[in-house]
Amino acid sequence: MTDDHIAMQVPATATSSPLIRLAAAQLAAQCGFDHDELEDVRVAVSEAIRILIGAPAGRGGDSDTDRPRLVADFLVGPRSIAAAVRLEGGAEAAGVDDDSTRILEATTSSFAIDLAGRGAPEVTMHFTRGDADGDVRGPTPEHEVGREG
Amino acid sequence: MPLQLVSTGRRPERRARFVDYHRNGSPDLRERLVKRHLPLARRLAARFARRGVPYEDLYQVASIGLIHAVDRFDPGRGIPFDVYAAPTIVGEIKHHFRDRSWDLRVPRRVQDLHLAVNTAVERLSAQLGRSPTIGELARAVGAADEDVVEAIDAGGAFNTRPILSAVPGNDDDRRPDADVMLAVDDAALDGVEDRLMIARLVEESPPREALILRMYFWDRRSQAVIAERLGISQMHVSRLLRRSIDRMRARLAIDGSTGAAQRPG
């Protein structure tokens with residue numbers, strides 16, 4: 001079975017970014033994630049958006065709507081979702097704070113934050129569905145942080 | 001049926017404790033007075049249950065009302081403490097209901113479904129012993145899967161006053177001092193004194209629950225602040241905390257029955 005690739009793009013604003021979170025939650029539901037796992041996906045995607053644009057998803061107002069944009073790519077497998085959210089349009093990412101890493105550790109199977117690479121600032125996350133033999137979620141040694149702050 | 005109040009204020013030794021507390025302001029005595037009257041907070045919270053707010057939230061709010069009542073009660077006026085405290089506690093609960101409001105952009109049907117899903121999550125989690133799937137929730141509330149997901153996602157738009165900030169002397173962004181909240185904390189972690197033991201239990205919790213426990217107990221953030229930081233509803237934070245604490249208590253009971261030798265430190 002091949003993975004499904006879903007891509008979306010929204011203005012990098014506090015009112016548009018929840019669409020990415022909602023899409024991620026819908027994909028998690030389709031992938032069979034349970035309620036707790038789906039909430040993890042929502043929390044992690046919200047945090048990724050916060051790292052990139054500085055406002056928690058769904059809160060705050062818009063000041064300017066048509067320049068930077070958030071691009072989200074989801075690769076949906078039978079038991080897992082890989083998500084990449086990046087800030088395009090030349091804008092600088094807001095950056096990580098003290099909570100960012102521990103939130104992503106707690107809610108993803110693995111993640112990487114790349115704010116200093118040659119491309120657009122990006123947060124990638126991997127979510128794995130728990131199974132009957134035990135929950136395989138949790139922090140792994142794969143974490144990478146491109147640049148703090 | 002009217003609530004039956006058990007008057008304790010007329011008993012001289014109990015009134016003497018209030019007199020003593022108001023004379024010297026002892027935190028220990030305050031804690032004992034609060035703990036002694038927690039059953040009153042529990043009964044009053046139960047009266048407001050099943051109105052869309054989890055009982056545990058209401059109990060927490062009622063406990064804060066009780067703390068206010070202990071602080072403000074004047075034993076010299078000759079009325080029993082319970083008679084004085086009940087309206088204060090009920091007032092706190094009513095404030096809580098009034099201060100909870102939805103973002104106006106969230107349609108009413110989503111608000112209603114959000115509350116129904118929350119109730120179903122609690123019920124099914126208890127029944128199944130695990131987190132329910134979206135399909136199970138959808139069947140329980142009679143809605144489509146995508147509507148359930150939308151309702152879950154709407155949780156971040158449910159605004160709540162930070163419950164624990166209601167204690168005097170504390171700003172809105174931080175949890176109250178440990179001494180002030182000791183009664184509530186003790187109610188949740190009754191009999192747990194070994195912080196090393198708690199730290200170990202927190203580490204053994206599922207990652208997101210461990211994160212929330214650390215934010216709550218170590219960082220001393222209010223449930224509302226945690227909810228906002230994580231983009232989830234305060235109701236959900238409250239439920240996760242409760243579930244974590246219940247699990248920790250169960251683990252403590254098991255460890256206790258297999259011997260204290262397992263305790264670290």
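This is a predicted model: local features need pLDDT of at least 70, side-chain atom pairs count only at pLDDT 80 or more; totals for chains, interfaces and linings use all residues.
Select strand β5, residues 122–128 of chain A: among the elements of that chain, β5 has the highest mean pLDDT, 96. Then select strand β6, residues 144–145, where the mean pLDDT is the lowest among those elements, 46. For chain A as a whole the mean is 81, and 78% of the residues reach 70 or more.

Next, select residues 132–149 of chain A. The pLDDT is below 50 over this stretch, and the model gives the stretch 42 contacts beyond near neighbours in sequence. Residues 58–62 of chain A also stay under 50, with 13 contacts beyond four places in sequence.

Now show chain A and chain B together. How many residues of each chain are in contact with the other? There are 29 in chain A and 28 in chain B. Between them the two chains bury about 2,600 Å², and 51% of that is on carbon and sulfur atoms. The rule finds ten salt bridges across this interface.

The largest share, nine residues, comes from α2(A). By type, the residues on this side of chain A are ten nonpolar, seven polar and twelve charged.

Stay on helix α2 of chain A and pick E47(A), which is found there. Is E47(A) buried or exposed? E47(A) has 1% relative accessibility, so it counts as buried, the cut-off being under 20%. Leaving out residues up to four places away in sequence, E47(A) touches D97(A), S100(A), I103(A), L104(A) and R229(B).

Select R229(B) next. Its side chain makes a polar contact with the side chain of E47(A), at 2.7 Å. The side chain of R229(B) also meets that of D97(A) in a salt bridge, with 2.8 Å from N to O.

Finally, select helix α12 of chain B, residues 223–230. Why is this helix described as largely enclosed by the rest of the structure? Seven of its eight residues are buried, so the description applies. The buried residues are Q223(B), A224(B), V225(B), I226(B), A227(B), R229(B) and L230(B).

Technical notes:
Residues are numbered from 1 along each chain as its sequence is written. Chains are lettered from A and ligands numbered from 1 in the order in which they are written. Side-chain values use heavy atoms; hydrogens and water are left out. Contact means heavy atoms within 4.5 Å. Buried area is the accessible area (1.4 Å probe) that two parts lose on being put together, summed over both. A salt bridge is a side-chain nitrogen of Lys or Arg within 4 Å of a carboxyl oxygen of Asp or Glu. Helices (H or I, at least four residues) and strands (E, at least two) are DSSP runs, numbered from the N terminus. Ala, Val, Leu, Ile, Met, Phe, Trp, Tyr, Cys and Pro count as nonpolar, Asp, Glu, Lys and Arg as charged, and the others, Gly among them, as polar. pLDDT is the predictor's confidence in each residue, from 0 to 100. Buried means under 20% relative accessible area, exposed over 50%, partly exposed in between (1.4 Å probe, protein chains only). A polar contact is a pair of N or O atoms within 3.5 Å; within protein, one must be able to donate a hydrogen and the other to accept it, and residues adjacent in sequence count only if both atoms are side-chain atoms.
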